[in-house]
Amino acid sequence: MAFALRYGLALISVAVAAGVARAFLHFHLPQPFAAFALSAIAITFWYAGTAPGVLAAVLSSLVRDYFFEPDTNIESRVLYDLVFLIFAVLMTRVARARDELEVRVAERTAELTQSNDNLRREIAEHNQAEYLTSQVFESSPDGVSIVGTDYRYKRVNPVYGRTWGMRADQIVGMHVADLWGIEAFERKNKPFLDLCFTGANVSFAGWVDNSLGRRHFALSYSPLRSDSERVEAVLVISRDLTEQTLASEALRQAQADLAHASRMTALGELTASLAHEVNQPIAAAVTGASTCVRWLTRDNPDLEEAREAALGVVRNARRAADIISRIRSILKKGESKRLLVDINEVIREIIALLRNEADGHTISIRTDLDASLPKVLADPVQVQQVMMNLIMNGIDAMKDLDQTRELSIRSQSAGDRELMISVSDNGVGLPRQQADQIFDAFFTTKPHGIGMGLRISRSIVEAHGGRLWAADNSPRGASFYFTLPTKVEPL
Amino acid sequence: MAHSFLMSPRNGAKFVAIVDDDDSMRGALQGLLKAVGLSARAFESAEEFLGSGDQRETGCLIADIRMPGMSGLELQAKLNAEHCRIPTIFITAHGDEEMRLQALRAGAVEFLPKPFDDELLVESVRAALNR
C-alpha cells in the first residue's frame, strides 16, 4: 500500500469515526466515539500497518480530548489514552500475528504447491511408464504373457494370442493346461512355472507342437513381485525362432553341399593323375597274372614261381581297390565323423594319392613328420581335404618355376595342447597386397579357380578348434600353417 | 640298392634294365622277365640307373615316362647325348600320340600303354637284345 494511502487511512478512519460520533451527538444519542475510534485504530492497524495504526491511536486520543470530552479531568483523559495505548499495543500484536500467519500460510501454500507439482509429475511419469509398458506389452514382436500362481493367464499380448490363433482377451482367465494340453503342461510348463514361482529366472528353447504345427520357441520365465517379497505371477516371454532355425539349418546344409561340390571339383581336376595312380597297380596285376600263366604253361610248370606271381596279383589288386576307396571316401557326402587319428598317417595317405600329380609337375615332396605326436580327434576325410587344397595350391604356385620345385610338409608339436602342420613351397608366394584376402570366399588368382578352397579349409580347421594361416617363405614361396588341438590323454 | 641279379646273362653280358618309380611295376616286370628266362636289373629312378654305371652292359631298357625327378624321355635324351644307344621300350599310362611320336623319333623301340600286352613287351625285349 502506498505511503500516502496508509497514513491517509489513519486520518480518514479517525475522521470518519469523529464524524459519525458527531452525528450521534447531533441526534442527541450517547456519543460512541471511543468505540468508533477503536474500530478506526483496528482498521488502520489491519490494513495500513503498525505506524499508521499508532498514528490513528494518537489522533483518536487527541480528537477525543479536544473534540468530544474537552472538560474531563486529567485522570480520565490519561485513562482513555491508556486504553487507546493498550489497544494499540494489542493491535500491534494482532498485526504481527497476522503477518506471521500470512508468512506461514505463504510457506504452507508454497509447500503444498510444490507437493502438488511433485505429485502431478509423478502421476505424469507413472502414466508415461504405464503407457510405455502397455506399448511394450501390446506391440512387442515377442509373445508376452503373465501367468498367476493358479496357472491361469492374467494378461497376454496380441502376438501371444496370434500364436494360438485366438484373441488376447479370449485367453485371459484360461488355465495353461487348457491351451497347451494337459501333457505338455505337466511335462514342460508346470515344472518351469513352479521353478519360477520360487524366484528363479528360467529359460528354455526347443521344438514345441501346438495347434498351429511344429514351432521352435525360446521361452524365458521371470518372477513378478508386487510390493511383498512373494512371487505373485510369472512373466513369460516367448520368441518364435522357427524361421531362423530352419534358415540356419538350410544354411548348414548349403555349406555342406558347397564343401562337397568343392571336393568334387578338386577331385575332378585330379582325375588324370588319380587314374594314373590306380592304373599302376592294375597294370602290375595284369603283368603278374600273365607271368603266372607263363609259369604254368611251361613244359615243366614251376608252381612255386606261379604262386609268387599270383600273390603279386592279389597284392596289386588290393592296392588298386584301396586307392579307389580312398578317393571314394573323399567324394562321400555326409556328416563329419571325428575319430582319434594319427595325423602323420592321414598326411601320408593324401601324399600317396597326390604323389603322381606332383611328379607330373616335377615337384619333389619332402616330409618331416614328428613320430611322437599324439593322436588328434578329427575327421580324417576333412583333414585330407585341407591337405589336398594346400598341396594343390603349392603345386600350382610352383608350376612355372625354373629351379628345383620342392614342397615341404612338416608335422610338429606346438605346445602341449596343439600340433601344427605346415605346407611350404618355393613358388610365386603370397599376393603382395592381398595377403589377408586369400582366405576370403571367391578370391582366386587362378583363371579357372572358384576361390572357395582356402575358405572351406579354414572353416574345417576352425571347426576342429584350430587355426589356419599363411606366411611368406624365404627366400621365396609361401607356407601355410594349421593347428589342431591334441587329445589330452587321461592320466 | 634297388637293382638285383636274377639270372646269369645268356647272350653276352647284356641285361635288361627296368627303370620305374613304382614298386609294384618293377616287381611285376622282374617277375615277367624271369618267367621268360631273361635277366633283369631294376632301378627306382633314372638318376639311379645313370649313376650305376651299368649302361654299357644294358642290352635293353624298359622305362616309365612319368617319374619324380628325371623323366623317361629326359633319360632317353641323356643317353643319346652320351652316345649310349640302348634300345628303349617305354611303358606309361600317360601316352598321347605326340609323346609317342617324339619318343619313337628319338630312337625308342616301342611305346606301350599301361596296362600293356605282356606278349608284345617280351617280343620287343627279345628283338632289342638280339640287335
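**Legends to close-up views of a two-chain predicted model**

Chain A holds 14 helices and 12 strands; helices (H or I, at least four residues) and strands (E, at least two) are DSSP runs, numbered from the N terminus. This is a predicted model, in which local features need pLDDT of at least 70 and side-chain atom pairs count only at pLDDT 80 or more, while totals for chains, interfaces and linings use all residues. Residues are numbered from 1 along each chain as its sequence is written, and chains are lettered from A and ligands numbered from 1 in the order in which they are written.

**View 1. Helix H2 of chain A and its surroundings.** Helix H2 (residues 33-48) of chain A has 16 residues and should span 22 Å at 1.5 Å a residue, which agrees with the 21 Å between its end C-alpha atoms. The expected span is 1.5 Å times one less than the number of residues. Buried residues of H2(A) include A:Phe33, A:Phe36, A:Ile41 and A:Phe45. A residue is buried if 20 or more other C-beta atoms, placed from the backbone, lie within 10 Å of its own. Helix H1 (3-26), helix H3 (50-68) and helix H4 (74-139) of chain A are among what covers them. Just after H2(A), A:Gly49 has a positive phi of about 110°. Of the 491 residues of chain A, 29% are buried.

**View 2. The largest nonpolar core.** This core has 44 residues, and B:Val16, B:Ile18, B:Val19 and B:Ile62 have the most contacts inside it. A nonpolar core is a set of buried Ala, Val, Leu, Ile, Met, Phe, Trp, Tyr and Cys residues joined through C-beta atoms within 7 Å. Helix H1 (residues 23-35) of chain B gives the most to the core, with 6 residues. Beyond its neighbours within four places in sequence, B:Val19 is in contact with residues including B:Phe43, B:Phe49 and B:Leu75; contact means C-beta atoms, placed from the backbone, within 7 Å.

**View 3. Where chain B touches chain A.** Here 19 residues of chain B are in contact with 23 residues of chain A. H1(B) gives the most to the chain B side, with 8 residues.

**View 4. Confidence in chain B.** The mean pLDDT (the predictor's confidence in each residue, from 0 to 100) of chain B is 84, and 89% of its residues reach 70 or more. Over residues 1-11 of chain B, pLDDT stays under 50. The model scores ipTM 0.83 and pTM 0.50.

Methods. Buried ≥ 20, exposed ≤ 12 C-beta atoms within 10 Å, placed from the backbone. Contact = placed C-beta atoms within 7 Å.
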